[in-house]
Amino acid sequence: MQVTVTVNGVTESHDVETRTLLVHYLREVRGLTGTNIGCDTTSCGACTVLLDGESVKSCTVLAAQADGEEITTIEGMAAPDGTLHPIQEAFREHHGLQCGFCTPGMVMAIASFLKEHPSPNEAEVREGLEGNLCRCTGYHNIVQAVLAVSREGQLVS
Amino acid sequence: MSATVTEDTGTGGVVGTRMRRREDPALLSGEARYVHDIVVPGALHMALVRSPYAHARVTSVDVSGALGMPGVVAAFSGTDLAQEWGSPMPCAWPVTADMQAPPHLPVALNEVCYAGDAAAVVLATSQAEAQDAAGAVAVTYDELPAAVDLEDAAGDRVLAHSDLTSNRAYTWELTPDPAAVERAFDGAAVTVKERYVQQRLIPAAMEPRGVCVVPQPFGGEYVVYSATQIPHILRTMLGITAGVPEERIRVVAPSVGGGFGSKLNVYAEELLCLALARRLRKPVRWSEERSEAALATIHGRGQIQEIELAADADGHLQAVRVRLLADMGAYMQLVTPGVPLLGAFLYHGAYDVPAYSFTCTGVFTNKTPTDAYRGAGRPEATYAIERAMDALARKVGVDPAEVRRRNLIGADKFPYTSAAGLVFDSGEYERALDAVLELVDYQGLRADQASRRAQGATRLLGIGLSSYVEMCGLAPSRVLASLNYVAGGWEAATVRMLPTGTVQVVTGATPHGQGHVTSWSMIVADKLGVTPEDVEVLHSDTAVSPLGMDTYGSRSLAVGGTAIALAADRLVDKARLLAAHRLEVAPEDLELSGGQFSVRGTPSTGMTIGALAFEAFTAHDLPEGMEPNLEASATFDPTNFTFPFGTHVAVVEVDTETGKVDLVGYSAVDDCGNQINPLIVDGQVHGGIVQGVAQALFEEAVYDDHGNLLTTTFTDYLVPAASEVPSFSLGRTVTPSPSNPMGVKGIGEAGTIASTPAVVNAVVDALSHLGVEDMAMPVTPERVWRSIGAAAPGTGGGR
């Protein structure tokens with residue numbers, strides 16, 4: 001079947017197998033390998049992307065379901081001149097990543113979370129991130145990064 | 001609880017500062033490439049047909065069904081591939097001369113020995129086609145009884161391999177003075193005897209494994225991309241096992257998404273991709289799925305521990321005696337049998353103990369092989385002694401902090417020769433204990449605990465301590481030899497300056513999240529007087545870094561970082577000679593500061609190291625006998641391990657009506673010697689703590705009676721999320737190590753080593769007034785609730 005999807009502002013049409021998952025479409029058809037696959041049960045959140053601004057686990061969405069929709073992946077977060085998005089910058093500032101494999105999904109989930117909860121407290125951040133697993137950081141610095149971004153109100157952009 | 005972090009411990013340069021990581025922009029932007037991200041045109045995708053039985057005879061394998069499927073290029077049984085192997089899969093640590101190690105082939109020939117053992121392999125033009133076709137391979141299994149339970153397996157009721165006469169792989173003993181141990185127990189006023197189960201754990205690095213082998217058939221060479229911690233060891237082992245000349249193999253570990261020991265191995269899939277790329281003369285790749293990883297990637301822990309303490313009436317330890325059963329799983333992987341030995345010297349913990357006995361029996365079972373998992377042997381040892389110390393405190397009737405204080409090795413005793421035969425390098429153990437007790441307001445917590453108990457509260461407070469010392473910086477080659485390890489423990493480095501004055505560092509250490517690029521460039525920047533951004537770190541590719549022993553056992557800084565520092569010192573020595581030649585002064589009259597060699601007393605006369613690099617490159621005017629270019633190499637093999645230490649305190653709330661445990665606070669004071677980058681140290685401690693908490697409260701690889709693994713996904717193997725752990729309060733003391741010139745120790749595993757017993761001690765502490773003295777891991781609400789009911793009927797819990 002043919003799908004037309006706008007990814008990070010670029011619209012393309014492609015023929016895909018009907019069983020193609022959005023994550024495979026993004027990685028293999030669109031060549032955007034920043035979105036990682038960490039499990040096969042929608043548990044880890046490594047593949048989180050934004051579908052019309054809301055976070056979804058792209059391993060649980062068919063490419064067909066994204067037909068006509070707008071997707072944002074980690075590759076679409078930094079500015080064209082290479083300036084990191086405030087969430088990315090906060091991750092760096094607060095050492096919120098180690099191996100980096102969960103990081104793209106974390107960043108996308110946080111972007112969606114902060115849109116809905118612009119001024120969360122620590123408990124709300126932790127609840128908000130429970131769909132995204134990290135094995136390296138113990139979450140401490142990820143939480144610090146999220147709280148710092150929300151404090152600075154940098155997400156209005 | 002908010003974080004208190006250590007201040008920068010700057011030395012005037014960048015070392016000791018909380019420099020932000022140089023790795024991050026590529027990882028944060030999606031630019032980083034993991035194995036799965038590497039595009040190789042024409043690659044065939046491999047899928048394995050894995051045994052659904054824990055133990056079975058393979059009576060036939062018919063691949064014809066798969067060969068007719070769309071996209072399928074080839075399919076092979078174990079017999080079809082038998083000629084591919086120069087030797088069985090490697091075990092580098094035969095701990096005793098008579099150790100049993102059943103031959104382990106990447107695809108089994110006629111007997112599968114765990115659920116997940118491969119019986120056939122399929123190659124197709126896409127991963128989906130390969131997986132579809134794997135289901136069409138017809139394997140006939142004749143199921144055999146399975147050895148599942150560890151103690152049952154040790155009794156040989158059922159044999160894990162039909163050609164073994166016993167499941168016992170080896171027995172390894174360390175009892176330097178048996179008579180002293182006997183005397184101590186005979187004369188002890190107080191003894192403690194405890195039995196603990198170290199449940200099996202699934203390492204669960206967020207990136208599953210992946211391999212891609214690209215052959216160059218006409219040149220006879222192979223590029224192996226693998227999500228591995230050990231490209232150098234892997235190259236050697238692939239060469240031996242697949243019968244490929246080692247120099248024809250180039251191993252590249254691109255971005256690697258965590259390892260924790262699980263990628264410190266030589267796996268069947270790596271060998272298969274290589275052998276099949278050779279056979280078909282095409283690239284072959286494999287991407288592990290999460291549920292496959294649960295079966296096919298090594299597990300950690302898996303021990304039954306019996307620990308006995310002998311003490312005087314005041315709780316001063318006189319002897320420690322330990323007997324272990326260690327679950328090897330079905331086969332010996334790379335260092336499977338040696339994992340318990342890494343803890344064998346540490347069951348007396350951070351305490352001054354005059355007599356010591358340790359015995360371990362390794363046992364085969366029909367389960368996924370075990371091997372090194374974050375801490376490898378040392379978390380198990382620390383768990384046993386720290387749980388037992390709390391039992392001793394209860395028996396003697398003193399506070400857990402006090403029983404530790406009475407036994408910690410005194411600061412005046414270093415270097416301390418332990419009864420187990422190690423020399424602990426340096427330490428101020430009591431200072432770390434005092435620091436963390438102050439950090440958590442220990443007396444305040446005890447008062448809160450007492451008041452909740454007095455009020456009959458249903459949310460009880462528990463405070464758990466864990467004082468630890470660990471041995472890391474895995475290293476001294478001679479010591480490793482004495483333990484029958486077949487490789488060395490050195491690390492190699494090269495530092496070179498390029499003509500424009502920038503620097504390349506080549507290291508054999510292989511990062512997979514540790515921030516090596518940042519730390520190594522900080523070390524070299526200070527040595528040469530350049531900025532960290534001027535330093536490029538080359539690693540994880542055997543074509544670029546041909547010599548190395550890779551990353552595990554918290555060795556990278558203490559061994560690999562030291563090699564880099566030594567190489568940088570040699571480069572500076574050469575630059576000094578060149579500067580002396582060009583400035584026409586004696587080398588000893590030059591001082592290096594801020595990247596400039598200047599004549600002492602005449603600071604205006606000098607040359608920058610960058611200018612010297614260019615002079616060394618043009619080689620127009622070098623001193624007699626000096627070779628062109630500024631480049632130096634060093635290989636460091638320390639004479640001793642390093643011994644980080646500290647004390648952690650966990651605070652839990654236990655709901656007596658539901659059994660639920662909430663970890664509400666966690667504080668740690670660690671001492672890893674001098675720190676290169678405290679920001680990175682903090683991160684290692686945070687992550688380490690949660691990995692240990694995970695064992696205490698959440699994670700277990702559960703098998704049924706038939707040897708089926710029941711926890712193959714993240715919905716039933718409970719890796720903790722952010723909502724299940726608190727923020728941490730960290731402190732640090734600094735006791736430099738004399739084992740290396742930078743005085744560093746290592747921090748990659750300390751958090752995991754310390755935190756598991758702290759948390760379980762806290763749970764037992766919360767309930768001790770009810771008579772609860774033990775708690776099995778993981779501490780589930782059901783276990784807590786039943787324990788309360790059993791110890792104190794009518795107090796809330798049930799049976």
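Predicted model: local features only at pLDDT ≥ 70, side-chain atom pairs only at ≥ 80, totals over all residues.
A crossing of two helices is called left-handed if the near helix is turned anticlockwise from the far one by less than a right angle, and right-handed if clockwise. Residues are numbered from 1 along each chain as its sequence is written, while chains are lettered from A and ligands numbered from 1 in the order in which they are written.

**A helix pair in chain B**

Two packed helices are described by the angle between their axes and the distance between the axes. Helices and strands are DSSP runs (H or I of at least four residues for helices, E of at least two for strands), numbered from the N terminus. In chain B, α7 (residues 231-242) packs against α8 (residues 268-280) at an angle of about 60 degrees, and the axes are 10 Å apart. Axes are lines fitted to C-alpha atoms, for helices over the stretch in contact, and angles run from 0 to 180 degrees between N-to-C directions. Angles under 35 degrees count as roughly parallel, over 145 as roughly antiparallel, 65 to 115 as roughly perpendicular and the rest as oblique; α7(B) and α8(B) are therefore oblique to each other. Their crossing, α7(B) with α8(B), is right-handed.

Residues are in contact if their C-beta atoms, placed from the backbone, lie within 7 Å. On α7(B) the residues involved are B:L234, B:L238, B:T241 and B:A242, and they meet B:E270, B:L271, B:L274 and B:A275 of α8(B). This contact of α7(B) with α8(B) has 6 nonpolar, 1 polar and 1 charged residues. In this classification Ala, Val, Leu, Ile, Met, Phe, Trp, Tyr, Cys and Pro are nonpolar, Asp, Glu, Lys and Arg are charged, and the others, Gly among them, are polar.

**Backbone features of chain B**

Most residues other than glycine have a negative phi, and most peptide bonds are trans.

| Cis peptide bond | Omega |
|---|---|
| B:F414 to B:P415 | about -5 degrees |
| B:M777 to B:P778 | near -10 degrees |

B:P415 is placed in the loop between α12 (400-407) and β16 (416-417) of chain B, and B:P778 in the loop between α20 (750-767) and α21 (781-791) of chain B. B:D156, which is not a glycine, has a positive phi of about 65 degrees; this residue, B:D156, lies in the loop between α5 (150-154) and β7 (168-174) of chain B.

**Chain A and its domains**

Chain A contains 5 helices and 5 strands, in the sequence pattern β-β-α-β-β-β-α-α-α-α. The domain assignment, which is automatic or taken from a database, gives domain 1 (2-76) and domain 2 (86-151) of chain A. The centres of these two domains of chain A, taken over C-alpha atoms, are 21 Å apart. Their contact takes 15 residues from domain 1 of chain A and 13 residues from domain 2 of chain A.

**The contact between the chains**

Chain B brings 41 residues into contact with 44 residues of chain A. On the chain B side that touches chain A, α1 (24-29), α9 (290-296) and α19 (678-697) each supply at least two residues, and the largest share, 6 residues, comes from α19(B). By class, this side of chain B that touches chain A has 19 nonpolar, 15 polar and 7 charged residues.

Definitions and conventions. Contact = placed C-beta atoms within 7 Å.
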